[in-house]
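Have the viewer open and follow along.

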Amino acid sequence: MTTLKGKDILRADQFTLDEIALIMQTAERFEGLMQTGDRLTNMSGKVLATLFYEPSTRTRLSFESAMLRLGGQVLSVAEARTSSSAAKGETLFDTGKMIESYADVAVIRHPAVGSAQELAEGASIPVINGGDGAGEHPTQALLDLYTIRREKGTVESLTVALAGDLKNGRTVHSLSALLANFRVRFYFVAPAALAMPAEITAGLRQRGVEIVETTDLAEAAAKSDVLYVTRIQRERFTDPAEYERLKDSYIVDLALVKAAKPGITLMHPLPRVDEIAKEVDTYDGAAYFRQAANGVLVRMALLALVTGQA
Ligand code: NCD
């Protein structure tokens, strides 16, 4: 039987197809139960610890909301970088050793690639990666998948354009790995300086995934079923002038949407800066706020599954 009980969630490529199906089905089940208005108690008596060493609005709030909606409780270090013992030089491994006596499951966001892995090595409780620097963001990828299935009916054989900062954007690293399970075709749209890391592209091609790399957003939008736009990741730039040069590389406005494939679904992990004009929000296929709402359901599923409470 497929189970995620006791497992860490660290990377998008860790999942089997059965595990992905289980997460999607569990999120759907919770969605149905939430609509009946019943109080859920799956996580009653359980504690979630959230350790955020980097800014977050959606990820932290949606994990905390998910835990509370399942009847559990939350312990949170919001400014972990300055207010926790990390400021005194404690390693994540040691933090992991401690956290297991305070909580039943932990979510971490941290600027270093591999940070969630390090915490998980110290902790015996399940650790969930809420974003490790420019590395991965697997729970975002799962909610993105949930959203695509919702908006399109299926994800199989779709053409998906990922646009923006593909070099530093962890959401697209995880999403491309997850969607590779479903015979999607990709357009990777980025300025040359922010292209998808070559090892990711090569790994996907090795798995038989068809990828077109381009700088032309309009061309990709004309051929894609889903356009997933990302923010230029300012905090990953060492040279502010380089950020200024690249920050307005792509702007999705209504003119672009009109020239795109009819019915195209627009997604964005949020926060957006200028890359999607506000005028686009009224377009039916603008799914980014629905996408954010789906985050609570998918995170409810993950919390309940890894603790064996689903
Ligand atoms: C993303 C992240 O933190 O990687 N935000 C999120 O979790 N929705 C995207 C971003 O910050 O650009």
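Pro271 sits in the loop that runs between β9 (265-267) and α12 (288-306). In this predicted model, the peptide bond joining Leu270 to Pro271 is cis, with omega at about 5°. Both of these residues also belong to the set that surrounds the ligand, so keep them in view as we move on to the site itself.

**Around the ligand**

Which residues surround the ligand? They are Arg58, Thr59, Arg109, His137, Gln140, Arg170, Thr171, Arg231, Gln233, Pro269, Leu270 and Pro271. By class, this shell holds 3 nonpolar, 5 polar and 4 charged residues. Two helices, α2 (58-69) and α7 (170-179), are the elements that each give two or more residues to the shell. Seen at the level of domains, domain 1 (12-136 + 295-306) and domain 2 (138-292) each supply at least three of the shell residues.

**Polar contacts and burial**

Three side chains place a polar atom by an oxygen atom of the ligand, as listed here.

| Side chain | Ligand atom | Distance |
|---|---|---|
| Arg109 (N or O atom) | oxygen | 3.1 Å |
| His137 (polar atom) | oxygen | 2.8 Å |
| Arg231 (N or O atom) | oxygen | 2.8 Å |

How much of the ligand does the protein bury? On its own the ligand exposes 310 Å², and 94% of that is buried by the protein. As for where the ligand sits, the space it takes is the largest pocket.

**One more backbone detail**

If you are checking backbone angles, have a look at Ser157 too. Its phi is near 65°, a positive value in a residue other than glycine. Ser157 lies in the loop between α6 (138-152) and β5 (159-163).

To bring the picture together, the ligand takes up the largest pocket, with shell residues drawn from both domain 1 and domain 2, and the cis bond between Leu270 and Pro271 involves two members of that shell.

Terms used: Residues are numbered from 1 along each chain as its sequence is written. This is a predicted model: local features need pLDDT of at least 70, side-chain atom pairs count only at pLDDT 80 or more; totals for chains, interfaces and linings use all residues. Side-chain values use heavy atoms; hydrogens and water are left out. A residue is near a molecule or strand if one of its heavy atoms lies within 4 Å of it. A polar contact is a pair of N or O atoms within 3.5 Å; within protein, one must be able to donate a hydrogen and the other to accept it, and residues adjacent in sequence count only if both atoms are side-chain atoms. Accessible areas come from the Shrake-Rupley method with a 1.4 Å probe; for residues, only the protein chains shown count as cover. On a 1 Å grid over the protein atoms alone, a cavity is a set of points where a 1.4 Å probe fits but cannot get out, and a pocket is an open set with protein on both sides within 12 Å along at least five of seven lines; lining residues have an atom within 4 Å of a point. A molecule sits in a cavity or pocket if more than half of its atoms lie within 2 Å of its grid points. Helices (H or I, at least four residues) and strands (E, at least two) are DSSP runs, numbered from the N terminus. Ala, Val, Leu, Ile, Met, Phe, Trp, Tyr, Cys and Pro count as nonpolar, Asp, Glu, Lys and Arg as charged, and the others, Gly among them, as polar. Domain bounds come from an automatic or database domain assignment.
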